[in-house]
Amino acid sequence: MDGDPAVESQLDNFSLILPLPYRIAFILVLGVWAWGFNLHYLHLLKIDVPSLIKYSPRSPSSSLPQYQRTYALASTITIPFIFSLLFFWILTRAQPSAVLAWDFIPQSYLFLLFLLFLIPYKRLSPNGRFRFLTTLKRISIGGIAEAQDGKFGDILLADVLTSYAKVLGDLFVSLCMFLSSGKSSTDKPDRGCGGQYIVPIIISIPSLIRLRQCLIEYMRVRRNPSQHSGWGGQHLANALKYSSAFPVIILSALQRGYDPNKIGLSETGIFRLW
């Protein structure tokens, strides 16, 4: 792979400086900072977010507000990100062959990022990370808590996942390319890695989660109607909104892997439907 002009020419200047694994890491780190900024701003407005999501973030002996703990976590994952990126730049010097060869450096940071969310280290908001993982586990199968158990938090996290749908797809692409023989995760992204439809399926999962949550809420309203809940039409409208993502994802996948022998539509016809 090193020194192959056909491969190296695929890397633009931006990819030489910030290849796919680092772009993924940057967006993930930025998301933690954004959550901290939101908590801080709402704290200044006297809005108690932990109460809204039914979360007890602090032990009685702790006086730190939740946004400061979030800032601490964000700082902890930002520092190794900066060191990893600087080390990568020093080694590669924006040379295509070196960028392709040293792909394990950004992948190592993604692995470290994953570990930091799992390690039960007390100074890194362990309660918050545990709550995040348990909520993620519940909503990953489309579940949603009752209102008194933190339904708002479940909806909030599911909505965040829909915003990060493409990032999740790119995360799989990066890992797939890293583990594939003859490929590099810092190369031009191969979104057909692992099969034509794997990435579209991953991208569609967050919308599928929200769709199922909306349908669950609708069924709850129908079982226990009240004057304030109405007949549940708003939940069906939300379900329709999230289901509208699937045709776009499917048509995009057909466009990317267009094969006239397998698809009964012309490429122009698919584009017009899209």
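**Exercise 1. Place Lys54 in the fold and find which residues it touches.**

Lys54 sits in the loop that joins H4 to H5, where helices (H or I, at least four residues) and strands (E, at least two) are DSSP runs numbered from the N terminus. Before going on, note that this is a predicted model, in which local features need pLDDT of at least 70, side-chain atom pairs count only at pLDDT 80 or more, and totals for chains, interfaces and linings use all residues. Residues are numbered from 1 along each chain as its sequence is written, and side-chain values use heavy atoms, with hydrogens and water left out.

Step 1: accessibility. Lys54 has 45% relative accessibility and counts as partly exposed; buried means under 20% relative accessible area, exposed over 50%, and partly exposed in between (1.4 Å probe, protein chains only).

Step 2: contacts, meaning heavy atoms within 4.5 Å. Setting aside neighbours within four places in sequence, Lys54 is in contact with Arg131, Ala147, Gln148, Asp149 and Gly150.

Step 3: distance. Lys54 and Gln148 are 94 residues apart in sequence, yet their C-alpha atoms are 7.3 Å apart in space.

**Exercise 2. Check the length of H8 and work out how its buried residues are arranged.**

Step 1: the span. H8 covers residues 126–139, which is 14 residues, and at 1.5 Å a residue it should span 20 Å. The expected span is 1.5 Å times one less than the number of residues. The end C-alpha atoms of H8 are 20 Å apart, in agreement.

Step 2: the buried side. Gly128, Arg129, Arg131, Thr135 and Ile139 are the buried residues of H8. Down the helix axis they fall within an arc of 160 degrees, so they line one face of H8; the arc is that of the directions from the helix axis to the C-beta atoms.

Step 3: the surroundings. These buried residues pack against H5 (66–92), H7 (104–118), H9 (151–163) and H11 (198–223). Exposed Phe130 and Lys137 are on the face of H8 turned away from its buried side.

**Exercise 3. Describe how H5 and H7 pack.**

Step 1: what to report. Two packed helices are described by the angle between their axes and the distance between the axes.

Step 2: the values. H5 and H7 pack at about 170 degrees, with axes 10 Å apart. Axes are lines fitted to C-alpha atoms, for helices over the stretch in contact, and angles run from 0 to 180 degrees between N-to-C directions.

Step 3: the class. H5 and H7 are therefore roughly antiparallel, since angles over 145 degrees count as such, under 35 as roughly parallel, 65 to 115 as roughly perpendicular and the rest as oblique.

Step 4: the residues. Among those making the contact are Ile77, Phe81 and Phe88 of H5 and Ile105, Pro106 and Tyr109 of H7.

**Exercise 4. Which residues touch the most other members of the largest nonpolar core?**

Step 1: the term. A nonpolar core is a set of buried Ala, Val, Leu, Ile, Met, Phe, Trp, Tyr and Cys residues joined through side-chain atoms within 4.5 Å.

Step 2: the members. Of 29 residues in the largest core, Tyr22, Ile77, Phe81 and Tyr109 touch the most other members. H3, H5, H6, H7 and H10 (165–179) each supply at least two residues of this core.

Step 3: one example. Beyond four places in sequence, Tyr22 is in contact with Phe81, Ser84, Leu85, Phe88, Ile105 and Pro106.
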